[in-house]
Amino acid sequence: MKRKFFRTRIALLIIPLGVIATQFGFTLRAVSTAVPLRPETRAAVMQLDDPYADFRHARYSNNGLLNEPDEIKLGTQLHREVTKRFRLTDVGLPRVQSLGQRCARASLRPNLPYKFHVVESREINGFSLPGGHVYVTTALLRLANDNELASVLAHEIGHIVARHSLKTLRQKQQYNEIAKSIGEVTGVAGDLGRDLGVALGQIVSEGLLTIHTRDEEREADFLGVRGMARAGFEPQAMITMFQKLERIEQQDSSLLGSLFSDHPDVDERIANTRYEIARMRRG
Ligand SMILES: [Zn+2]
């Protein structure tokens, strides 16, 4: 009897605390929008709320990296190495190309000659390489509806827009050698020296250019959700895609490729995407 009473008291205590917490949350938000704060205070409040504050005003270019023609040549050579190591297929390719080109044209880097590829694999995965090469697996194609697939493609295009792989490459020891040799190659698909071919083959097999930091993943999510919306896809599908991946992870995580592992926590990605969709709807 006494114990029951005690439990009720605890419950009563917990409920008002919850109400206070919710009200406090509302109050904070109300202050941030309604009361004219000093600009620096307002910026700080917005920053706290905004998971994408670092990327919102980013300007992207090849400055300080391989120039764009060399990036495209590098992409062609890396793709050649991909075809040696993975089995590519035409199954589902027209669907990927049409969704992918729509996302690419609406991206912040619309003029690159994007190329979309399908890799035969039981692993659910997507990745991209410099110069506009985007890859998705047959298992991903089976899992995702068109809007969800567009969310993955727009995310991968985001990596290309932000030149993440080029930035990774710049940190590599052989960077200067690779940059010089690529610059000397004539034509997009020109012949490479043997050493460079070996170096690029190694880069592809180690997956060096397709492993990204958490910040890069967040940036690609941000560019992706905005890009897919501009392309006329339903951005909510990025959330249902994450939820599908989350379910697969619980059932058989060996089916998930790099698209999922090493990425920021999926709940955080869902929350960030929800935030951005709400922000887009506010205009
Ligand atoms: Zn990614």
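What follows is a chat about one predicted protein model.

Trainee: What am I looking at, and how are the residues numbered?
Mentor: Residues are numbered from 1 along each chain as its sequence is written. The model is predicted, so local features need pLDDT of at least 70, side-chain atom pairs count only at pLDDT 80 or more, and totals for chains, interfaces and linings use all residues.

Trainee: What is pLDDT?
Mentor: pLDDT is the predictor's confidence in each residue, from 0 to 100. The protein averages 84, and 80% of the residues score at least 70.

Trainee: Where does pLDDT stay under 50?
Mentor: Over residues 1–34, where the model has three contacts beyond four places in sequence. Two residues are in contact if their C-beta atoms, placed from the backbone, lie within 7 Å. Where pLDDT is low, the predicted coordinates should not be read in detail.

Trainee: How many helices and strands are there?
Mentor: Twelve helices and four strands. Both are DSSP runs numbered from the N terminus: helices are H or I with at least four residues, strands are E with at least two.

Trainee: What is the strand order in the sheet?
Mentor: The order is β1-β2-β4-β3, in an open sheet with mixed pairing. Two strands pair if DSSP finds at least two bridges between them.

Trainee: Which strands stand at the edges?
Mentor: β1 (88–89) and β3 (126–129). Each has a single partner strand, so one side of each is left without a neighbour in the sheet.

Trainee: And how does β4 pair with β3, parallel or antiparallel?
Mentor: Antiparallel, over four bridges, with β4 covering residues 133–137. Gly126 stands opposite Val136, and Phe127 stands opposite Tyr135. The two strands form a hairpin with three residues between them, and Gly131 in the turn has a positive phi of about 80 degrees.

Trainee: What about β2 and β4?
Mentor: β2 (residues 115–119) runs parallel to β4, and five bridges join them. Lys115 has His133 in β4 as its bridge partner.

Trainee: How many residues of β4 are buried?
Mentor: Five of the five, so β4 is largely enclosed by the rest of the structure. Buried means 20 or more other C-beta atoms within 10 Å of the residue's own; exposed means 12 or fewer, and partly exposed is in between, with C-beta atoms placed from the backbone. His133, Tyr135 and Thr137 are on one side of β4, with Val134 and Val136 on the other.

Trainee: Which helix lies across β1, β3 and β4?
Mentor: Helix α3 (residues 68–85), running at about 140 degrees to β3. Helix α6 also packs on the sheet, touching β3 and β4, and its direction makes about 30 degrees with that of β3. Axes are lines fitted to C-alpha atoms, for helices over the stretch in contact, and angles run from 0 to 180 degrees between N-to-C directions.

Trainee: How do α6 and α11 cross?
Mentor: The axes of α6 (residues 146–161) and α11 (residues 236–252) come within 8 Å and cross at roughly 90 degrees. That makes α6 roughly perpendicular to α11, a term for angles of 65 to 115 degrees. Residues that meet there include Asn147 and Glu148 in α6 and Ala237 and Met238 in α11.

Trainee: New topic. Why does Gln97 count as partly exposed?
Mentor: Because Gln97 has 18 C-beta neighbours inside 10 Å. Gln97 is in helix α4 (residues 93–105). Gln97 and Phe116 are 19 residues apart in sequence and 5.7 Å apart in space, C-alpha to C-alpha.

Technical notes
Parallel < 35°, antiparallel > 145°, perpendicular 65-115°, else oblique.
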